[in-house]
Amino acid sequence: SGICGAVLIHCDYEIPFDDEGHTIADIEFDRPAVCYGRMHDCVYSSYEDALYQAVLYLKEHGRQRIAFAGETLTSDKADAFRMMLKRLELPVDERYIHISSLRFGQAGADGFQALFSLPEPPDAIICGYDYIALGVLNSAEAADIEVPRELAVIGSDNLRAASAYRLGLSTIGDNHERVADALVELLLWRIAHPDAPKRQITIPA
């Protein structure tokens with residue numbers, strides 16, 4: 001075929017590998033493949049510094065109970081959130097870290113319900129991605145909780161849908177142009193160096 005290689009956009013750990021570490025794209029197309037994620041030849045968005053800035057901002061603005069609402073596929077962001085709390089010498093209370101089995105807005109609603117059932121609900125929630133944040137915002141509105149006076153909400157990924165929310169949404173943005181450039185450069189490098197060791201490129205959010 002005329003295919004020289006493939007860029008795979010996927011959620012972490014969902015691409016199947018054989019015993020030698022080849023992806024399904026390598027096997028079926030017999031062509032090099034690079035991934036957006038954390039495995040194989042890959043480009044990965046790092047949220048550590050951005051989460052640090054988000055937690056620091058909330059702390060400096062008087063938020064005392066900062067929570068994280070995510071789902072199964074945002075466990076890496078939850079881990080980064082824990083790291084940033086420790087870095088800022090804040091307590092890591094697992095009650096304020098909710099990982100839902102649901103996705104998108106339902107995960108946000110689920111997280112809101114769980115976090116606001118605590119004796120002392122959070123006064124800020126950082127969300128695994130923007131659709132989760134929108135679910136949190138809708139649930140807060142239904143519960144007559146005023147955002148941002150009573151509850152600060154920060155999303156992640158800077159999706160276009162977030163900007164359409166009537167109250168607005170603060171969000172941590174991916175550097176999409178740098179990620180795309182890095183993916184193409186990595187694929188071209190892999191085509192030219194098929195036997196070289198696997199590479200991982202990290203792009204700060």
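The model is predicted. The protein has 205 residues, and buried residues make up 45% of them. Its secondary structure comes to seven helices and nine strands.

**The protein as a whole**

- The accessible surface is about 11,100 Å². Carbon and sulfur atoms account for 51% of that surface.
- Contacts between residues at least 6 apart in sequence can be sorted by how far apart the partners are along the chain. Of these contacts, 69% join residues at least 24 apart.

**Cysteines**

- A disulfide is a covalent bond between the sulfur atoms of two cysteines. This structure holds zero disulfides.
- C42 has a relative accessibility of 1%, and C127 likewise has a relative accessible area of 1%.
- The cut-off for a buried residue is under 20% relative accessible area, so C42 counts as buried, and so does C127.

**The second largest pocket**

- The space in the second largest pocket is about 320 Å³.
- Its lining is made of 18 residues. Those that lie nearest the centre of the pocket are P148, A152, V153, I154 and S170.
- The largest share comes from α2, which supplies four residues.
- By type, the lining of the second largest pocket has 13 nonpolar residues, four polar residues and one charged residue.

**Backbone features in the loops**

- Most residues other than glycine have a negative phi, and most peptide bonds are trans. The residues below depart from one or the other of these patterns.
- The peptide bond that joins V147 and P148 is cis, with omega at about 5°. P148 lies in the loop between α5 (130-142) and β7, and P148 is also among the residues nearest the centre of the second largest pocket.
- D144 is found in the loop between α5 and β7 as well. D144 is not a glycine, yet its phi is positive, at about 60°.
- The relative accessible area of D144 is 69%. Exposed means over 50%, so D144 is exposed.
- E89 lies in another loop, the one between α3 (75-87) and β5 (97-100). Its phi is positive too, at about 60°, although E89 is not a glycine.
- E89 has a relative accessibility of 75% and therefore counts as exposed.

**V92, in the loop between α3 and β5**

- V92 has its place in the loop between α3 and β5, where E89 also lies.
- With a relative accessible area of 30%, V92 is partly exposed. The value falls between the cut-offs for buried, under 20%, and exposed, over 50%.
- Residues up to four places away in sequence aside, V92 touches R82, L85, K86 and I97.
- V92 and F81 are eleven residues apart along the chain, and 9.2 Å separates their C-alpha atoms.

**V7, in strand β1**

- V7 is found in strand β1, which covers residues 6-9.
- V7 has a relative accessible area of 36%, so it is partly exposed.
- Apart from neighbours within four places in sequence, V7 is in contact with V34, L183 and L187.
- V7 and A180 are 173 residues apart in sequence, while the distance between them is 9.6 Å, C-alpha to C-alpha.

**E71, in strand β4**

- E71 lies in strand β4, residues 66-71.
- The relative accessible area of E71 is 1%, so this residue is buried.
- Not counting residues up to four places away in sequence, E71 touches I99, S100, L102, R103, A107, Y129 and I132.
- One of these partners, S100, is 29 residues from E71 in sequence and 4.4 Å from it in space, C-alpha to C-alpha.

Note on methods
Residues numbered from 1 in each chain as written. Predicted model: local features only at pLDDT ≥ 70, side-chain atom pairs only at ≥ 80, totals over all residues. Heavy atoms only, no water. 1 Å grid on protein atoms, 1.4 Å probe; cavity = no way out; pocket = protein on both sides within 12 Å on 5 of 7 lines; lining within 4 Å. Points joined across faces, edges and corners; volume = space filled by probe spheres on them. Helix = DSSP H or I, 4+ residues; strand = E, 2+ residues; numbered from the N terminus. Nonpolar A, V, L, I, M, F, W, Y, C, P; charged D, E, K, R; others polar. Buried < 20%, exposed > 50% of the residue type's maximum accessible area, 1.4 Å probe, protein only. Contact = heavy atoms within 4.5 Å. Areas by Shrake-Rupley, 256 points an atom, 1.4 Å probe, with all protein chains shown as cover. Disulfide = S-S within 2.5 Å.
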